[in-house]
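Visitor: I would like to go through this structure one question at a time. Please show it to me before we start.

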Amino acid sequence: MAVEDVKPTRSELLEIKKKIKLSEDGHKLLKKKRDGLILEFFDILNQAKDVRSELDDAYKDANSKIGIAKSVEGTITVNSTAFSLKDYPKIHLQSNNIMGVVVPKIESSSVRKPINQRGYGILGTSSYIDEATDAYETLVEKIIQAAEMETTMKRLLAEIEKTKRRVNALEFKVIPELKEARDFIKLRLDEMEREGTFRLKKIKKS
């Protein structure tokens, strides 16, 4: 708001005072929202670190178990067993609300199954294939958890940046400009009042 464009009237002064009050209230609320989002972000970040570590461990374990299964049973047997699976994991996307930010909530089913529901013959395979299957089911679960948390963190981070920009705009631009306009109007009104008083005195003398 350019000071030159401000009308030095009492009604304009009242209007600007209202805008200052609204802007200051909005600034306080946005700061609270920003701080709350930051706390939520770091809380999820700490959880995500654990899940990421568990995911890395699950990946190494799954690779190790499938390697052992292939060396004992042979690659062809392991591959044919994998193709015999009938029920694949199902992903259901829902949403969750964190301080106004919509984040994904991933529900999964058919990830971990009992041995007799995996689709391959129990008698025709060894425990090495069962262990490899267990390891990969754990890996898929960790991938789903990590995907949910990392997507949530990205959306929270984007909202934090957006809120920070709005806080800074109010703090360093909007509110200072409004206060400058308020002070300008007060100054002009005081000057006009002094001029009016001076003219009245002059008229009385004459």
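Predicted model: local features only at pLDDT ≥ 70, side-chain atom pairs only at ≥ 80, totals over all residues.

Visitor: How far apart along helix α1 are Lys21 and Asp25?
Guide: Helix α1 covers residues 10-73 and holds both Lys21 and Asp25. Their separation comes to about one helical turn, because the two residues are 4 residues apart.

Visitor: Are Lys21 and Asp25 buried, partly exposed or exposed?
Guide: Buried means under 20% relative accessible area and exposed means over 50%. Lys21 has 47% relative accessibility, and Asp25 has 29%. Lys21 therefore counts as partly exposed, and Asp25 also counts as partly exposed.

Visitor: How many salt bridges does the structure hold?
Guide: Another joins Arg52 and Glu150, with the closest N and O atoms 2.5 Å apart. The number of salt bridges in the structure is 12.

Visitor: Which helices does the pair Arg52 and Glu150 link?
Guide: The two residues of this salt bridge are 98 residues apart and sit in distant parts of the chain. Arg52 is in helix α1, and Glu150 is in residues 127-205, which form helix α3.

Visitor: What kind of aromatic pair do Phe41 and Phe42 form?
Guide: A search of the whole structure finds 1 aromatic pair. Its rings belong to Phe41 and Phe42, 5.5 Å centre to centre, with 80° between the planes. Planes over 60 degrees apart count as edge-to-face, so the pair of Phe41 and Phe42 is edge-to-face.

Visitor: In what sense do strands β1 and β2 pair, and which residue stands opposite His92?
Guide: Strand β1 is residues 90-98 and strand β2 is residues 101-109, and they pair over 9 bridges in the antiparallel sense. The two strands form a hairpin with 2 residues between them, and Met99 in the turn has a positive phi of about 50°. Opposite His92 stands a residue of β2, Glu107.

Visitor: Which element gives the most to the lining of the largest pocket?
Guide: The largest pocket has a volume of about 430 Å³. It is lined by 19 residues, with Ala82, Leu85, Ala132, Thr133 and Tyr136 nearest its centre. Two elements give two or more residues to this lining, α2 (75-83) and α3. The most, 6 residues, come from α3.

Visitor: How far apart are the end C-alpha atoms of residues 146-195?
Guide: UniProt, in an unreviewed entry, places a "coiled-coil region" at residues 146-195. In the model this span is 100% helix and 0% strand. The distance between its end C-alpha atoms is 71 Å.

Terms used: Residues numbered from 1 in each chain as written. Heavy atoms only, no water. UniProt positions renumbered as here; feature names shortened; annotations may be inferred. Phe/Tyr/Trp six-rings, centres within 6.5 Å; stacked < 30°, edge-to-face > 60°. Pairing = 2+ DSSP bridges. Salt bridge = Lys/Arg side-chain N within 4 Å of Asp/Glu carboxyl O. Buried < 20%, exposed > 50% of the residue type's maximum accessible area, 1.4 Å probe, protein only. 1 Å grid on protein atoms, 1.4 Å probe; cavity = no way out; pocket = protein on both sides within 12 Å on 5 of 7 lines; lining within 4 Å. Points joined across faces, edges and corners; volume = space filled by probe spheres on them.
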